[in-house]
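Please describe the ligand site of this model, then the strand pairing. Keep it brief.

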Amino acid sequence: MRNYHIVELDQPRDDAPGAILTAFQGVEALERDFDLARHGNDDQTDPAAAMLSQYRPSSDSEYVWLLAIAGDAPAGSTTGRFGLLVLRPDDALVPTDVVGAVNFALPLRDNRDAVQDIMMHVRPQWRRHGIGHALQTAVEQVAALRGRTVLQGYSDARASQAADALHPARGPFAIEPDEGTAFALAMGYQLAQAERHSVQDLTAYDFAAPVSPDGYRIETWTGRTPEPLRTHMAEMLRVMSMAAPAGDFHFEEEIWDAARVSAMDDEVLDAREAIVSLAIHERTGEAAGLSQLYRTIGKPAVVDQWNTVVAAGHRGHSLGLVLKQANLVRLADVWPEARRVHTWNATENDYMWAINERLGYRTENIDAGWQKRL
Ligand SMILES: CC(C)(COP(=O)(O)OP(=O)(O)OC[C@H]1O[C@@H](n2cnc3c(N)ncnc32)[C@H](O)[C@@H]1OP(=O)(O)O)[C@@H](O)C(=O)NCCC(=O)NCCS
C-alpha cells in the first residue's frame with residue numbers, strides 16, 4: 001500500500017504563497033498529463049498562477065481544494081476550518097508530492113444546500129489505492145459541516161452506443177463506462193446529465209458581421225460590466241440559472257443583483273479577460289439576451305464560452321446567434337492570438353447546438369454530470 005495523507009489547502013497570503021503555489025504547480029502538472037492523454041492538448045489546464053489567484057475568500061462561494069500528498073503527514077501538522085490537516089505556505093513541498101486533488105465550490109448566496117463543480121483527479125500510478133475514496137470522504141465531511149446535502153460534479157467521458165453504456169434521463173448521448181464512471185457509481189453518485197463539449201476552430205471562421213433583429217440593439221464590451229448595464233446583466237444571469245436544461249441536477253434559481261455582478265467581475269477578471277454582449281430590447285429597455293467569452297491570462301489561444309441565454313419573451317429572433325457573432329467580431333479585433341473556443345451544452349439542448357453547428361463547432365467529447373444526495 002502506498003503512503004499518502006489528505007490535506008486542505010490553506011488560503012494563500014498575497015505576499016508569500018510558498019507551498020500553496022507549489023501545490024497548484026503540482027495540480028497543474030497532474031491535470032495537464034490527464035488532459036494531454038485524454039484530449040491531446042492542454043487547453044483546459046489552468047496555469048498554477050490562475051488557480052492561485054482564484055483561490056480567495058469570495059462573497060459568492062466558499063472555494064475548497066483538498067489534496068492527496070505522497071508520504072505521511074509531517075509531525076506537528078494542524079487542522080483547519082473543516083477538521084482536516086492543512087497544508088500551509090511555510091510547509092515543505094515539491095510539485096510531484098501532489099498525487100491527487102479535488103476542488104469544489106460551496107455557493108453562499110443561493111443553492112446553499114449544494115456542493116458544486118466537484119472535479120477530482122488522481123495520478124495514474126497512484127490509482128486504486130483508495131485516494132479517490134479518501135478525497136470523497138473528506139468532501140462529505142466538508143459537506144456535513146456546512147449543512148450541504150447535494151453533491152454535484154463532472155467527469156471527462158466519451159459517448160458510447162454499446163450495450164453497457166450509461167444513459168442519462170434525457171438527450172441522445174449515452175456514456176462509455178470508464179474508471180471515472182466506475183468510481184462515481186462506487187461512491188454513490190448517479191448520472192444526472194450528459195454534456196456536449198464542443199470546439200470552434202477560429203482559423204476556419206469567417207467572422208460574419210451580425211445583423212441585429214429589428215427592435216434590439218447589441219452592447220458589446222471587454223472586461224468589467226459597464227455600470228449602467230449591471231442590472232441587465234444580473235437579470236440575464238438569473239434567467240440563465242433556470243433556463244438551461246439541467247437534466248436530473250437539482251439547481252435553485254440564482255439570486256443576482258448589480259453588486260454581485262461587480263463582485264463577480266472583480267473575482268473572475270483577476271485571472272481572465274472577458275468579451276461580453278448583451279441584447280437590449282429598445283422599446284422597453286429590458287435585457288433580452290447575453291453571451292460571455294472568457295480566456296485565462298497566459299493562455300491567449302484558448303477561449304471558453306460561458307453563458308449564452310435569450311429571455312423567454314425574446315426568443316425566435318436569432319438573438320442567440322447574433323450575440324455570439326458580435327462577440328466573435330470583437331474577438332477578431334482584441335484577441336488576435338485566439339484560435340479555439342470551447343463550449344459545454346446539455347446534450348438535450350437542441351436550440352443551442354443548432355446555433356453552434358452554424359458557427360462551425362465540432363463535438364469533441366461528452367462529459368458526465370454526477371449528483372449524490374446525502
Ligand atoms: C476516478 C479516479 C479519481 C479514482 O481515483 P482512485 O484513487 O483510483 O479511486 P479509489 O482507489 O479510491 O477507488 C474507489 C473505488 O472506485 C471504484 N473504481 C475506481 N477506479 C476504478 C476502475 N478503474 N475500475 C473499476 N472500479 C474503479 C472501485 O469501486 C474502487 O474501490 P476498490 O478499489 O476497493 O474496488 C481516478 O481514476 C482518476 O483520476 N481518473 C481520471 C479523472 C476522473 O475521471 N475524475 C472524475 C471522477 S468522477
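## Ligand contacts

A backbone N or O atom of G132 sits 2.7 Å from an oxygen atom of the ligand. That is within the polar-contact limit (a pair of N or O atoms within 3.5 Å). Taken alone, the ligand exposes 910 Å², and the protein buries 75% of that (Shrake-Rupley areas, 1.4 Å probe). A polar backbone atom of R128 lies 2.8 Å from a ligand oxygen atom. For R127, a side-chain N or O atom is 3.5 Å from an oxygen atom of the ligand.

This is a predicted model: local features need pLDDT of at least 70, side-chain atom pairs count only at pLDDT 80 or more, and totals for chains, interfaces and linings use all residues. Residues are numbered from 1 along each chain as its sequence is written, and side-chain values use heavy atoms, with hydrogens and water left out.

## The shell

The ligand is surrounded by 18 residues (a heavy atom within 4 Å). The closest are M120, V122, R128, G132 and H133. Eight shell residues are nonpolar, seven polar and three charged (Ala, Val, Leu, Ile, Met, Phe, Trp, Tyr, Cys and Pro are nonpolar; Asp, Glu, Lys and Arg charged; the others, Gly among them, polar).

β5 (114–122), α3 (131–145) and α4 (179–186) each supply at least two shell residues. α4 gives the largest share, five residues. Elements are DSSP runs: helices H or I, at least four residues; strands E, at least two; numbered from the N terminus.

## Strand β2

Eight of the ten residues of β2 (residues 61–70) are buried, so the rest of the structure largely encloses this strand (buried: under 20% relative accessible area, 1.4 Å probe, protein chains only).

β2 pairs antiparallel with β1 (residues 4–9) over five bridges (pairing needs at least two DSSP bridges). There, H5 has I69 of β2 as its bridge partner. Nine bridges join β2 to antiparallel β4 (residues 98–107). Y63 stands opposite A105 in β4.

Technical notes. A polar contact is a pair of N or O atoms within 3.5 Å; within protein, one must be able to donate a hydrogen and the other to accept it, and residues adjacent in sequence count only if both atoms are side-chain atoms. Buried means under 20% relative accessible area, exposed over 50%, partly exposed in between (1.4 Å probe, protein chains only).
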